[in-house]
Amino acid sequence: MEQTLKITNVLSDPTRYYIYQYITKRHQEVTVQEVADNFNIHPNVARLHLTKLEDVNMLASETKKTGKGGRPSRLYRLSDDVIQLHFPYRDYMLLSKVAIQTMLSLGEEGKKALFMTGKRFGTEIMEQEIAKRQQAGLEMDFDQKLGVLKSAATLAGFYPEFEVNGDQTKIFFQIFNCPFKEVAVDHSEAVCSMHHEFLKGMFEALFQSAELIEHQNIANGCDTCTYQAYVTN
């Protein structure tokens with residue numbers, strides 16, 4: 001409870017909250033000067049905000065040389081710690097570990113059920129976003145579908161980025177945050193396969209056909225999960 005109060009107190013400052021949001025979307029380390037320039041504040045004020053966020057383990061920092069000469073800079077990034085606020089306390093992380101281990105204890109049938117459930121949840125989260133966008137039952141064009149995909153992926157906590165080729169048949173996308181990272185530490189194969197099915201459910205709810213190929217995986221030490229999706233609109 002004490003840590004929860006500290007976090008809520010730190011985020012109660014609007015500038016500090018938006019700085020944290022900025023770093024979340026930045027997907028890379030930031031300097032004090034960068035934050036100061038972006039929010040039009042003095043570097044000392046920026047440093048104070050960053051230090052407060054680091055004090056509650058929402059950010060981590062280290063001193064590095066930037067390659068531009070001069071003194072090394074302190075670079076700030078998102079902490080690997082999981083920040084959860086619950087009133088009263090709830091241990092959903094423990095529940096997720098219990099659920100995963102229970103499914104895996106059932107052998108191949110348990111894995112199959114896990115993957116099918118993951119795909120269904122991916123489909124459902126996409127259908128919810130589609131329902132918000134559809135008007136008078138009209139078909140959505142590719143750009144509208146991509147917008148729905150971005151919204152749903154953001155809602156799922158993936159911190160995604162997308163690139164599309166010219167004829168709109170190939171979508172390259174990166175996931176900068178794995179919502180299942182802590183559970184995947186001990187069960188990477190099962191959790192990552194479930195996540196893959198989750199994503200397939202999202203794509204197949206939008207496009208006539210979708211083939212999903214994984215290139216990089218956070219669980220394997222990569223900075224992002226990277227995928228190539230071949231779609232038919």
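This is a predicted model: local features need pLDDT of at least 70, side-chain atom pairs count only at pLDDT 80 or more; totals for chains, interfaces and linings use all residues.

Trainee: Okay, domains. What does the assignment give, and how far apart are the C-alpha centres?

Mentor: The domain assignment gives domain 1 as 1–78 and domain 2 as 108–232. Their C-alpha centres lie 30 Å apart.

Trainee: And the three-stranded open sheet, what's the strand order there?

Mentor: It goes 1-3-2, with antiparallel pairing. Strand 1 (30–31) and strand 2 (59–64) are at the edges with a single partner strand each, so one side of each has no neighbour in the sheet.

Trainee: How many bridges join strand 1 to strand 3, and how many join strand 2 to strand 3?

Mentor: Strand 1 is joined to strand 3 (residues 73–78) by two bridges, while six bridges join strand 2 to strand 3. If you want landmarks, Thr31 stands opposite Leu75 in strand 3, and Lys64 stands opposite Ser73 in strand 3.

Trainee: Which strands does helix 4 lie across?

Mentor: Helix 4 (residues 43–55) lies across strand 2 and strand 3, and runs at about 120° to strand 2.

Trainee: I was going through the backbone torsions. What's the phi at Asn40 and at Asn57?

Mentor: Both are positive without being glycines: Asn40 has a phi of about 55°, and Asn57 has one of about 65°. As background, most residues other than glycine have a negative phi.

Trainee: Where do those two sit?

Mentor: In loops. Asn40 is in the one between helix 3 (32–39) and helix 4, and Asn57 is in the one between helix 4 and strand 2. Asn40 counts as exposed because its relative accessibility is 74%, over the 50% cut-off. Asn57, at 36%, is partly exposed.

Trainee: Switching topic: helix 6. What span should it have, and what do the end C-alpha atoms say?

Mentor: Helix 6 has 26 residues, so at 1.5 Å a residue it should span 38 Å, and its end C-alpha atoms are 38 Å apart, which agrees.

Trainee: Good. Which residues of helix 6 are buried, and what do they pack against?

Mentor: The buried residues are Gly110, Leu114, Gly118, Gly122, Ile125, Met126, Glu129 and Ile130. They pack against helix 5 (92–105), helix 7 and helix 9.

Trainee: How far is Lys111 from Glu62?

Mentor: The two are 49 residues apart in sequence, and 40 Å apart in space, C-alpha to C-alpha.

Trainee: Now the hydrophobic side. In the largest nonpolar core, which residues touch the most other members?

Mentor: Ile171, Phe173, Met202 and Phe203, out of 29 residues in that core. The elements giving two or more residues to this core are helix 6, helix 7 (142–155), strand 5 (170–175), helix 9 (188–206) and strand 7 (225–232). Helix 7 gives the most, with six residues.

Trainee: What does Phe203 touch?

Mentor: Leaving out residues up to four places away in sequence, Phe203 touches Leu149, Ile171, Phe173, Ala210, Leu212, Ala229 and Val231. There's also a second, separate core of 17 residues, which includes Ile7, Tyr20, Tyr22 and Val56.

Trainee: Last one, His196. Is it buried or exposed, and what is it in contact with?

Mentor: His196, whose place is in helix 9, is buried because its relative accessible area is 17%, under the 20% cut-off. Aside from neighbours within four places in sequence, His196 is in contact with Leu212, Glu214 and Tyr227. Leu212 is also on the list of residues that Phe203 touches.

Technical notes. Residues are numbered from 1 along each chain as its sequence is written. Side-chain values use heavy atoms; hydrogens and water are left out. A nonpolar core is a set of buried Ala, Val, Leu, Ile, Met, Phe, Trp, Tyr and Cys residues joined through side-chain atoms within 4.5 Å. Buried means under 20% relative accessible area, exposed over 50%, partly exposed in between (1.4 Å probe, protein chains only). Helices (H or I, at least four residues) and strands (E, at least two) are DSSP runs, numbered from the N terminus. Contact means heavy atoms within 4.5 Å. The expected span of a helix is 1.5 Å times one less than its number of residues. Domain bounds come from an automatic or database domain assignment. Two strands pair if DSSP finds at least two bridges between them. Axes are lines fitted to C-alpha atoms, for helices over the stretch in contact, and angles run from 0 to 180 degrees between N-to-C directions.
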